[in-house]
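Have a look at it first, then read on for the highlights.

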Amino acid sequence: LKRPLLKSITTQEKAPVLLIDEIDRADEEFEAFLLELLSAFQISIPQLGTIHANHKPIIILTSNRTRELGDALKRRCLYHWVPYPDMEKELKIVEKHLPGIKERLSQQLVSMVHELRKRKLQKMPGIAETLDWASALLALEHKYISKVNIEKTLGCVLKSADDIELVRSEGVDKFLAAVGL
């Protein structure tokens, strides 16, 4: 049975582009399997032998760095770090995904997320967390950021108990002041 990876390298008329999302969540066996494909453009299957790619694939890996990848795999990759978006771009993303959000709330929210990203957090909030937080605030019918609704919804943007405790120990008022609220 040809699974997507094997199918992509044997049935394409031109070089396939493969997107392997969140490679850091894959097990080490898959990483070893992928390593052979990246180094020799082939896959060895004990029951079938070695299957060579018809064309050298272009492989794009994404990682959230939940675990370190093996050195051999990293040596075969070019890196492109995607930074967090600036305020303006993140506001546009929020407004695109949540068209009903009020401008005041989205600006306050994105400002708060950018302020949180200045801290040494275990899990830095990404765009998904910004959208989760905005969705929660909208669901609770909050029209602006306040100390009370931050306390109620902090778990939407921070995904670690230690990170939540860090923000609470620094004081929510400090964050509100840092963004001019």
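Arg67 is partly exposed, with a relative accessible area of 23% (buried means under 20%, exposed over 50%, and partly exposed in between, using a 1.4 Å probe and protein chains only). Keep in mind that this is a predicted model, where local features need pLDDT of at least 70 and side-chain atom pairs count only at pLDDT 80 or more, while totals for chains, interfaces and linings use all residues. Residues are numbered from 1 along each chain as its sequence is written, and side-chain values use heavy atoms, with hydrogens and water left out.

**Salt bridges**

- Arg67 forms a salt bridge with Glu31, and their closest N and O atoms are 2.9 Å apart (the term means a side-chain nitrogen of Lys or Arg within 4 Å of a carboxyl oxygen of Asp or Glu).
- Arg67 sits in the loop between β4 and α3 (71-75) and Glu31 in helix α2 (residues 28-40), so the pair ties together parts 36 residues apart in sequence. Helices (H or I, at least four residues) and strands (E, at least two) are DSSP runs, numbered from the N terminus.
- Glu31 is buried, at a relative accessible area of 9%.
- Glu151 and Arg168 also meet through their side chains in a salt bridge (2.9 Å, N to O). This pair links distant parts of the chain, with Glu151 in helix α7 (residues 147-157) and Arg168 in helix α8 (residues 161-170), 17 residues apart.
- Searching the whole structure turns up 14 salt bridges, and Glu115, Lys118, Arg119, Glu170 and Lys174 are linked in a network of them.

**Strands**

- β1 and β4 pair in the parallel sense over 4 bridges (strands pair if DSSP finds at least two bridges between them).
- In that pairing, Val17 stands opposite Ile58 in β4.
- β1 has two faces: Leu18 and Ile20 are on the covered one, Val17 and Leu19 on the uncovered one.
- β2 (residues 42-45) and β3 (residues 49-52) run antiparallel, joined by 4 bridges, and a hairpin of 3 residues connects β2 to β3.

**The largest pocket**

- The largest pocket holds about 1,600 Å³ of space. A pocket here is an open set of points on a 1 Å grid over the protein atoms alone, where a 1.4 Å probe fits, with protein on both sides within 12 Å along at least five of seven lines; lining residues have an atom within 4 Å of a point.
- Its lining counts 40 residues, and Thr62, Ser63, Asn64, Arg65 and Trp81 lie nearest its centre.

Key: Points joined across faces, edges and corners; volume = space filled by probe spheres on them.
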